[in-house]
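Hi there,

Here is the structure I promised to pass on to you. Have a look at it first, and then read my notes below.

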Amino acid sequence: MILAIPSPLGVALGIATAVAYGFVAGAGAKLSRQSTQWALGIAWILHAAVLAHGLIGSEPRFGFAPALSVTAWLVLTVYAVESRMYPQLKVRRALAWLGAAAVLLAILFPGTPLHVTASPWLPLHLALGIASYGLFGAAVVHAWLITRAEKQIRLATAEPQGGVPLLTLERLTFRFVTAGFVLLSATLLAGLLFSEQLYGAAGRVWKWDHKTIFSVLAWITFAILLIGRARFGWRGRTARRVLYAGSALLLLAYVGSRFVLEVVLARPPV
């Protein structure tokens, strides 16, 4: 279950996490690689504690900021695994800034309570959706690394990404896109077939609201990207533009719609 509980302990954990991430972002350039990894690991553990704290709260909540917080944590988890295989990747400071911003945002906007009549399967449905966010977020980070490496090559300022081949980065990018597409498909299919069961008596049948429209548009965009890659060998700038477009649509689907409801309109989602 993906939650954020606005309790004093949750706020304290969130602030400690943001400080830990801020330390990595601010002092990472002056520390050794091993020291930076340890500091980022501590921040990652604190971030996990913030998310886990929501699981034992008395009032489950969900919203755009908790979704972003979990997405940032998942991206950092992917990086933690990848850095073991590709220690040349140098995005620790950027990811630390991302983690700090996401945690602080979740403190300010902890979301709204879930329906009390919701199905026990609803957390799995939400987890699938957020996991797809995390995988596409990892794909976007890798696409950005490719763009930065290509710029370094053109300017001849440094060896791109410390030696990680561009083809390797590109292959990793599409692996994340493929995995994210599978999870997004499962999320949409569950919403289409089991919406009323998931949300209980307060549930909603499938309807073409803003979240659904943007989600379907994102799914179509990612499908076009994967087909273009398989059939026409799309790569480079064209593939990255399609990836960015699909990710923007997906961000608007849930995070954007919930932000409007929670912050702009100041009312819970229907």
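**What I found**

Arginine 154 counts as exposed, because its relative accessibility is 59% and exposed means over 50%. Please keep in mind that this is a predicted model.

Next, the aromatic rings. A pair of such rings is described by the distance of the centres and the angle of the planes. The count here comes to 5 aromatic pairs. In one of them, tryptophan 44 and tryptophan 73 are stacked, at 5.1 Å centre to centre with 15 degrees between the planes. Tryptophan 44 lies in helix H2 and tryptophan 73 in helix H3, so the pair ties together parts that are 29 residues apart in sequence. Tryptophan 44 is partly exposed at 28% relative accessible area, whereas tryptophan 73 is buried at 19%.

Phenylalanine 64 and phenylalanine 109 form a tilted pair, with 5.5 Å between centres and 45 degrees between the planes. Phenylalanine 64 is buried, with 3% relative accessibility, while phenylalanine 109 is partly exposed at 27%. Ring pairs also link Phe64 and Phe109 with Phe259 into a cluster.

Finally, have a look at alanine 48 in helix H2 (residues 33-55). Its C-alpha atom is separated by 9.9 Å from that of leucine 13, 35 residues apart along the chain.

Happy exploring!

Methods: Residues numbered from 1 in each chain as written. Predicted model: local features only at pLDDT ≥ 70, side-chain atom pairs only at ≥ 80, totals over all residues. Heavy atoms only, no water. Helix = DSSP H or I, 4+ residues; strand = E, 2+ residues; numbered from the N terminus. Buried < 20%, exposed > 50% of the residue type's maximum accessible area, 1.4 Å probe, protein only. Phe/Tyr/Trp six-rings, centres within 6.5 Å; stacked < 30°, edge-to-face > 60°.
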